[in-house]
Amino acid sequence: MLRKLFKFHGGVKPQTNKTGSTTAPIAQVPLPDRLVIPLHQAVGGHPRPLVQAGDHVFKGQRIGSADGSLSSAVHASTSGIVRDLAEAVMPHTSGLTTLSVIIEPDGEDRWGTLEKIDFRRAPPDEVRDFLRDAGVVGLGGAVFPSYAKLKPGKEGKLKTLVINGAECEPFITCDDMLMRERAGDMLTGILAMRYLLQAEEVLIGIEDNKPEAVAAVQAAISASGETGVEAIAIPTRYPAGGAKQLIRVLTGIEVPHGRRSTDFGVQCFNVGTAYSIFQALEYGRPLVSRIVTVAGNVDAPRNYEVLIGTPMDHLVRLAAPRPDTDRYIMGGPMMGVRMPSFDVPVVKATNCVLVGSPALFPPPPPEMPCIRCGECAKACPADLAPFEMYWFSRSKNFGKAQEYHLFDCIECGCCSFVCPSHIPLVDYFRFSKSEIWARERDKEASDSARDRFEFKNLRQEREKQEKAEKLAAKAAATREKAMPAADGESAAAKPKSSADDAKRALIEAAMEKARQQKAQIAPKNTERLAPEVEADIAAIEARRGALAPKVDNPTAPDA
């Protein structure tokens with residue numbers, strides 16, 4: 001019985017350009033002269049470095065430990081010597097740097113000691129911690145730590161586990177080739193995820209322009225004898241590979257704004273993530289390499305198994321780039337970002353290195369005014385109003401842009417693709433998001449500074465109050481110890497003497513406190529006392545002088 005499929009809103013059909021890189025099998029990349037491995041490669045906290053310059057490391061050795069509640073470990077991609085722990089340019093269009101471990105390979109590519117785990121016998125939390133320490137993250141582009149998604153939710157189980165093999169972006173074929181050549185291993189990883197999530201069914205969505213991949217996965221399912229697992233060919237339409245869009249196509253569930261798919265009993269993973277989970281659980285191998293497509297302005301487009309940290313120009317040379325190459329794009333033409341240089345490293349998020357040239361990607365036509373035709377809204381797979389978000393982003397009215405659900409935009413590029421005015425709409429939306437994030441960070445910093453200031457004032461007031469209470473208690477104790485009034489003193493003089501004794505006790509206590517402060521300050525400042533101490537002493541002396549004439553002298557002769 002054929003499964004009913006559903007449609008998502010919008011979408012486009014760009015030219016796929018996938019055939020060239022699927023004619024040859026996945027190839028291995030020779031070891032480069034050095035590997036630059038950024039410590040921060042996934043969503044969440046920055047891993048803490050575990051090595052230093054001069055250390056010898058083995059392949060698979062952890063060089064960065066997970067930090068915080070959402071983080072993922074990083075490992076050495078080969079054996080060799082750590083030459084430096086320094087800032088290096090990250091593979092991002094900003095050209096910013098990030099702390100990286102620079103390794104000089106020793107040529108042996110020798111694995112270190114690998115630990116395994118039986119995911120069926122070990123507690124689920126222990127398995128998730130194992131995957132966190134193995135550095136497994138989402139390889140579909142989001143690089144979200146996978147262990148955090150392998151939680152079945154409040155009910156303890158899921159209805160549907162969706163596996164994303166759509167790979168809708170033009171030029172990219174790494175998932176296609178993985179499913180063709182390693183479908184059995186990938187399926188083993190999928191079944192492990194199904195066990196951890198207690199999912200009733202598994203739906204593997206693959207676009208119908210990949211018939212070889214569909215056939216290979218269906219054959220692997222049949223050979224495994226597993227029930228409740230289906231490989232389904234879905235219509236080719238960009239961006240069918242988006243998580244919400246694929247869930248909509250396969251299940252009919254439309255995940256609304258502000259909700260998670262797990263609220264509806266669905267979770268989604270990429271096929272590459274499933275394969276890396278298989279490697280970690282079956283062999284104990286952490287994520288140190290991934291399949292990368294090299295395509296575009298090259299004579300021999302192909303897919304390669306690439307070590308994390310390999311310079312992109314080292315990889316691209318294997319595909320024979322043409323002389324007019326002028327850029328590398330990480331990702332595809334719709335969502336990819338231009339690299340700041342040719343030698344930035346391959347990271348876990350690198351699914352494709354698209355080699356560009358002026359002929360392949362000519363400069364866009366001049367941007368013209370928006371005519372409010374609404375084509376962008378028709379093409380938007382998130383069912384947003386891009387032309388409205390554009391106006392508010394351009395005028396820097398970020399509050400109104402958020403009212404139009406700016407952060408629901410998945411930056412797929414469909415709106416820019418269909419815009420007749422050639423407006424780079426996604427660039428405006430990325431700008432708005434970054435500005436909003438920056439302002440929120442500034443606000444958090446300001447709020448934190450205000451809280452610290454208020455707490456300081458509160459602490460100082462409390463200390464003053466405690467000091468006054470101690471002084472009053474000491475004065476009361478002094479009054480209690482005061483000698484009784486001398487014999488023969490008139491009844492009228494006793495109240496006066498008692499009051500004088502209290503004043504004298506108070507003065508003595510204050511002077512003792514001043515002497516203690518003077519003794520504490522003297523070693524630090526031998527020239528003079530602190531101004532506040534001098535002021536206290538002067539005040540005490542003044543009060544003492546004012547009080548002295550009024551004190552009766554019991555030893556003086558009677559008048």
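I take a salt bridge to be a side-chain nitrogen of Lys or Arg within 4 Å of a carboxyl oxygen of Asp or Glu. I note that the model is predicted.

**Entry 1: Arg128 and Asp125.** I looked up this pair and found a salt bridge whose closest N and O atoms are 2.6 Å apart. I placed both residues in helix H1 (residues 124–133), where a separation of three residues is about one turn of the helix. I then checked accessibility. Arg128 has a relative accessibility of 8% and counts as buried, because the cut-off for that class is under 20%. Asp125, at 48%, counts as partly exposed.

**Entry 2: Glu104 and Arg83.** I recorded a side-chain salt bridge here, with an N to O distance of 2.7 Å. The pair links distant parts of the chain, as Glu104 belongs to strand S8 (residues 97–105) and Arg83 to strand S7 (residues 80–89), 21 residues apart. I found Glu104 partly exposed, with a relative accessible area of 36%; Arg83 is also partly exposed, at 48%.

**Entry 3: Glu200 and Lys157.** I listed a salt bridge between these side chains at 4.0 Å, N to O. Glu200 sits in strand S10 (residues 199–207), whereas Lys157 is in the loop between helix H2 (146–149) and strand S9 (158–164), so the pair ties together parts 43 residues apart in sequence. I noted 44% relative accessibility for Glu200, which counts as partly exposed. Lys157 counts as partly exposed at 44%.

**Entry 4: Network and total.** I traced one network, in which salt bridges with shared partners join Arg3, Lys159, Glu201 and Glu230. For the structure I logged 31 salt bridges.

Technical notes:
Residues are numbered from 1 along each chain as its sequence is written. This is a predicted model: local features need pLDDT of at least 70, side-chain atom pairs count only at pLDDT 80 or more; totals for chains, interfaces and linings use all residues. Side-chain values use heavy atoms; hydrogens and water are left out. Helices (H or I, at least four residues) and strands (E, at least two) are DSSP runs, numbered from the N terminus. Buried means under 20% relative accessible area, exposed over 50%, partly exposed in between (1.4 Å probe, protein chains only).
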